[in-house]
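Reader: I would like to learn how to read the fold of a model step by step. Could we begin with the overall layout and then turn to the details?

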Amino acid sequence: MNILIAVADLGLGGAQKVAISLANGLAKRHNVFLYDLSSEKRKPEFIAEISDKVSLLNHQLSFIEKIFLRIAYAVLRFLPNSTERAIK
């Protein structure tokens with residue numbers, strides 16, 4: 001199975017560690033691609049932790065693509081989730 005894990009960046013942080021750990025674990029049985037939206041923020045100590053079995057994608061987003069993704073993320077943050085709808 002092909003799996004894409006996307007994170008905002010691979011700078012220092014807990015979410016980044018979780019993403020790398022998840023990618024490394026899944027790569028034992030699957031094709032895993034790790035993609036970060038802000039590759040300029042990559043920290044070498046985090047990159048060193050990524051397994052050779054994980055493909056680190058290097059596509060640079062254009063300014064317009066980054067704006068679109070940030071808007072989409074902002075909109076999704078304010079949509080009610082299914083549990084909130086079930087409570088009302």
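**Reading the fold**

Author: In this predicted model, the protein chain has four helices and three strands as its secondary structure, and, read from the N terminus, these elements follow one another as β-α-β-α-β-α-α.

Reader: In which order do the three strands lie in the sheet, and is their pairing parallel or antiparallel?

Author: As a general idea, the strands of a sheet are paired through backbone hydrogen bonds, and this pairing may be parallel or antiparallel. Here the three strands form an open sheet in the order β1-β2-β3, and the pairing is parallel. Strands β1 (2-7) and β3 (54-57) are the edge strands, each of them pairing on one side only, while the twist from one strand to the next averages 25 degrees.

Reader: How many bridges join strand β2 to β3, and which residue of β3 stands opposite Y35?

Author: Strand β2, which covers residues 31-36, runs parallel to β3 and is joined to it by four bridges; the residue of β3 that stands opposite Y35 is L57.

Reader: Which strands does helix α1 touch?

Author: Helix α1, residues 14-26, packs on the sheet and touches β1, β2 and β3, and its direction makes about 170 degrees with that of β1.

Reader: What share of the residues counts as buried, and what share of the contacts with a separation of 6 or more comes from residues 24 or more positions apart?

Author: The protein chain has 88 residues, of which 25% count as buried, and of its contacts with a separation of 6 or more, 65% are between residues 24 or more positions apart. The accessible surface of the protein chain is about 6500 Å², with 62% of it belonging to carbon and sulfur atoms.

Methods: Residues numbered from 1 in each chain as written. Predicted model: local features only at pLDDT ≥ 70, side-chain atom pairs only at ≥ 80, totals over all residues. Heavy atoms only, no water. Helix = DSSP H or I, 4+ residues; strand = E, 2+ residues; numbered from the N terminus. Buried < 20%, exposed > 50% of the residue type's maximum accessible area, 1.4 Å probe, protein only. Contact = heavy atoms within 4.5 Å. Areas by Shrake-Rupley, 256 points an atom, 1.4 Å probe, with all protein chains shown as cover. Pairing = 2+ DSSP bridges. Axes fitted to C-alpha atoms, helices over the stretch in contact; angles between N-to-C directions.
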